[in-house]
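Hi everyone, thanks for coming.

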Amino acid sequence: MELKLDVPLANELDPDRIPAEAVPENFVSYTLKHQEARPPVTWSNWYREMHWLYLFIFCILPTLALIAAWSTPLRLGTFIWAVIYGYTTALGITAGYHRLWTHRAYKATKGLEYTLAILGAGVVEGSIAWWARAHRAHHRYTDTDLDPYNAHKGLLYSHIGWLIFKPRRRPGPADVSDLRPNPVVIWQHKYYLPLAFIMAIVIPTAVCGYGWGDWRGGFVWASLIRLAVGQHSTFCINSLCHWLGDKPYDDKLTPTDSLFSALLTMGEGYHNYHHQFPMDYRNGYKWYQYDPTKWFLWTCEKLGFATHLKTFSDNEVQKGELTIQLKHLRHKQEALSWPSEKSDLPVITWEDYQRQAESRTLICIAGFVHDISDFFDKHPGGSHLLEKNVGKDATTAFFGGLYDHSHAAHNLLAMKRVGILLGGAPHGSEERVVPPSQHLRITRYGELAGGGYPQ
Ligand SMILES: [Zn+2]
Ligand SMILES: [Zn+2]
């Protein structure tokens with residue numbers, strides 16, 4: 001008998017359903033303009049617009065669990081078990097729901113697939129089919145109103161608001177055709193409720209109860225508190241990982257990289273990398289970055305449970321990284337003061353220079369006339385050396401004739417430019433005209449003649 005996924009995967013990307021006129025206009029803005037949205041949540045309709053079941057699971061239940069935890073002693077065995085079970089079930093979400101089914105970052109044996117599907121049910125975040133469909137829309141329409149957890153709507157909204165209030169819009173279309181025939185996805189969706197109940201409540205409680213007689217502790221700590229921690233740690237991927245940290249690979253959108261988020265989310269905190277290279281089985285690209293899900297998958301590969309672990313081209317990853325580094329350097333470059341350009345300076349004759357030098361402290365070096373009056377007493381070699389070069393061409397003296405000045409001295413000298421000598425620099429080569437600080441500069445595309453790239 002052929003299995004069929006009878007789940008809300010509607011709205012998957014169907015090229016026939018995207019109007020042709022939407023493409024040139026931009027699909028997101030076209031959809032937002034033509035698709036009807038639910039009315040805004042207000043004080044008069046909020047109770048109708050709320051997902052009461054989700055409010056109970058994600059807010060009320062954790063609050064009740066915290067109250068119960070107040071009067072439930074935490075035994076060492078229960079604590080250790082809750083931590084182990086918490087990490088294990090979280091892998092069902094990070095390695096399974098996220099990296100395997102949503103992003104197809106590797107191939108898993110059926111055994112591993114079923115294991116991850118069962119473990120993932122223990123965190124009670126909906127079935128794989130529902131979760132992966134929403135997450136694919138998140139990647140496809142990041143930071144827009146077609147992104148189900150649009151980070152621009154605020155930290156609280158992207159964390160949990162999108163769940164407890166009915167969405168104002170359906171998530172944008174996403175292609176989930178590969179999940180439709182997947183027997184594990186179908187099976188997990190079909191038996192999701194009993195699976196979630198057994199994995200989230202029965203097993204963690206029973207282990208503590210049968211293991212060391214701590215039924216109450218097992219229920220409160222290993223089941224309910226562990227569940228709340230697991231759920232909110234995953235929600236942090238949508239909230240914190242779009243808000244806290246750096247953007248080392250691209251700064252077009254909100255996703256960020258942060259060790260703190262990675263510690264909370266089994267390594268998913270390197271979210272800036274993940275949004276750039278979503279099919280990479282790693283979120284922590286660098287070997288030392290805390291990404292237990294990556295280490296788990298690497299181990300699964302060594303044991304033969306996972307194959308075809310995808311990695312993105314190092315060359316392209318480093319290109320993205322370099323682009324951001326260059327942007328930072330460009331900001332730094334733009335924040336500094338630079339010498340006047342040749343074209344901004346008045347051109348003066350040698351005679352005029354000599355005449356003006358009688359009343360001003362002017363020195364000519366490498367074709368530029370410099371006013372060094374405010375530097376006269378600060379010259380490390382003494383003011384007498386400057387004095388005897390006033391009104392003369394001191395190019396040779398500056399570049400080694402008397403003393404081979406430092407790069408810093410050359411950079412500072414260039415800041416004193418007040419004019420350019422008619423006829424250029426008799427002794428000056430290009431290297432002497434350009435201060436060392438300007439030999440290498442960050443230049444935007446289009447700023448160089450010939451389209452931006454030196455020939
Ligand atoms: Zn994201
Ligand atoms: Zn993702």
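**A walk through the sheet and the helices**

Let me start with one pair of residues: Cys364 has Val369, in strand E5, as its bridge partner. Keep in mind as we go that this is a predicted model.

So where does that pair sit? Strands E4 and E5 run antiparallel, and 4 bridges join them. Together E4 and E5 make a hairpin, with 2 residues between the strands. If you zoom in on the turn, you'll find Ala366, which has a positive phi of about 50°.

Which residue of E6 is the bridge partner of Val369? That's Gly419. The strands involved here are E5, residues 368-371, and E6, residues 417-421. E5 and E6 run antiparallel as well, and 3 bridges join them.

Okay, let's zoom out to the whole sheet. It's an open sheet of 4 strands, in the order E3-E6-E5-E4, and the pairing is mixed. At the edges you have E3, at 347-348, and E4, at 362-365; each has a single partner strand, so one side of each is left without a neighbour in the sheet.

On to the chain as a whole. In total we have 19 helices and 6 strands in the protein chain. The radius of gyration is 33 Å, while the globule rule gives 23 Å for 455 residues; 33 Å is well over that, so the chain is more spread out than a compact globule. Along the principal axes, the C-alpha trace spans about 100 × 60 × 55 Å.

Next, the helices, and I'd like to begin with H4. H4 covers residues 76-102, and it packs with H9, residues 192-212, at an angle of about 150° with the axes 11 Å apart. That angle makes H4 roughly antiparallel to H9. The crossing of H4 and H9 is right-handed. Who's touching whom? From H4 we have Gly77, Thr78, Trp81, Tyr85 and Thr89, and from H9 they meet Met199, Pro204, Val207, Cys208, Gly211 and Trp212. Sorted by class, that contact has 7 nonpolar residues, 4 polar ones and no charged ones.

H4 has another partner to show you: H6, residues 128-140. Here the angle is about 65°, and the axes are 10 Å apart. H4 passes H6 in a right-handed crossing. On the H4 side, look for Tyr97, His98, Trp101 and Thr102; they meet Ile128, Trp131, Ala132, His135 and Arg136 in H6. This contact between H4 and H6 divides into 5 nonpolar, 3 polar and 1 charged.

Last stop: helix H3, residues 52-70, packing with helix H7, residues 155-164. The angle is about 145° and the axes are 8 Å apart. Tyr54, Leu55, Phe58 and Cys59 in H3 meet Ile160, Leu163 and Ile164 in H7. By class, the contact of H3 with H7 has 7 nonpolar residues, with no polar and no charged ones.

Key. Residues numbered from 1 in each chain as written. Chains lettered and ligands numbered in written order. Predicted model: local features only at pLDDT ≥ 70, side-chain atom pairs only at ≥ 80, totals over all residues. Axes fitted to C-alpha atoms, helices over the stretch in contact; angles between N-to-C directions. Parallel < 35°, antiparallel > 145°, perpendicular 65-115°, else oblique. Left-handed = near helix turned anticlockwise from the far one by under 90°. Contact = placed C-beta atoms within 7 Å. Nonpolar A, V, L, I, M, F, W, Y, C, P; charged D, E, K, R; others polar. Pairing = 2+ DSSP bridges. Rg over C-alpha atoms; globule rule 2.2 N^0.38 Å.
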